Amino acid sequence: MKAAIWTAYGSPDVITVGERPMPSPKPQQILVKVHNSTVTSGDAKMRRFDVPTGLWLPTRLAFGVFKPRQHIPGMDFAGEVIEVGSGVNDYSVGDRVFGTTDMALGAHAEYLCIDARKTVAKLPDDVPYADAAALIFGGITALHFLDERVEAGHKVLINGATGGVGSMAAQLAKLHGAEITAICSAANHALAATLGAVTTVDYRQTDLPLGTTQYDLILDCVGNLSLAEHKTLLAPNGKLIAINTGLLTMLRSLTTPQLVCGVAMGGKQSLHRLVELYQTGDLRPVIQDTCPLEDIAEAHRCVDSGHKCGSVLISLNVGSN
């Protein structure tokens, strides 16, 4: 099978495409023919080993000290089950599925095996593979941090509102009845408005002159808003949600009620919720580009630029939707 191959940490050029043996499912696994995957900011950070301050050593130990232990990158996928392990009862050959391999990686390939008990779910026929794959990364993160925190009437500021996470968060906040201010490039202000933003701010405004508005929630998808610098922007019970931060900030959040951070936890329930929101029209992925697997290095360059809108998709096993 064709697969992206990753044997060193570094620039997009460390990702090549070659042949790898076809995987075979273990008793609790399903074998999926991948139709679409994504290159997310998480994939790009792992490739160049851009990890939060303080987590360098444990992350290297987990993924490979001198080079990646798993040679096929990629987490999110959508595709078709072509074989089931002997211990799997919930899936059958032909089922449409989508999900994430999380830190096990392996999704940037024509085929992958995933434990059927992990973050994978059946995909209804009316949800295209491409849209399903593009929902996962930003959707799970937005659900984790916002779904039970944002309320009708809340004022929400989203830094990086048209990226993979921000574009999902804006739609979710709008669904809950929040008033959204979006920070993004001026070129993306129209897009931010379609996602639900009432006010847009150019990210080049370094001092963020936002008047006297105080926000119930500030979602920082970029990593350049500190609690100390922007505490005046928070309402008395407001929270700064930092999803791209270091170990010290994570530790500080344990004793600082206004600061929320950590790792977005998903599961089958999150996938089901994303499908429901898609089917009702409340959540739609923003897809900037779709590339064949052979152009995966270019996809990584696009993500590295920091200016992509929504998701960058990888197309595999062309011919089905």
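**Exercise 1.** How many of the 18 residues of helix 3 are buried?

*Solution.* A bit of background: this is a predicted model, where local features need pLDDT of at least 70, side-chain atom pairs count only at pLDDT 80 or more, and totals for chains, interfaces and linings use all residues. Residues are numbered from 1 along each chain as its sequence is written, and side-chain values use heavy atoms, with hydrogens and water left out. Buried means under 20% relative accessible area, exposed over 50%, and partly exposed in between (1.4 Å probe, protein chains only). Helices are DSSP runs of H or I with at least four residues, strands runs of E with at least two, numbered from the N terminus. Now the count: 15 of the 18 residues are buried, so helix 3 is largely enclosed by the rest of the structure.

**Exercise 2.** Check the span of helix 3 (residues 129-146).

*Solution.* Take 1.5 Å times one less than the number of residues.

**Exercise 3.** Over which ring does the charged end of Arg284 sit?

*Solution.* The rule wants NZ of Lys or CZ of Arg within 6 Å of the ring centre and within 35 degrees of the ring normal. Arg284 has its charged end over the ring of Tyr278, 4.0 Å from the centre. Lys122 does likewise with Tyr91, at 5.9 Å.
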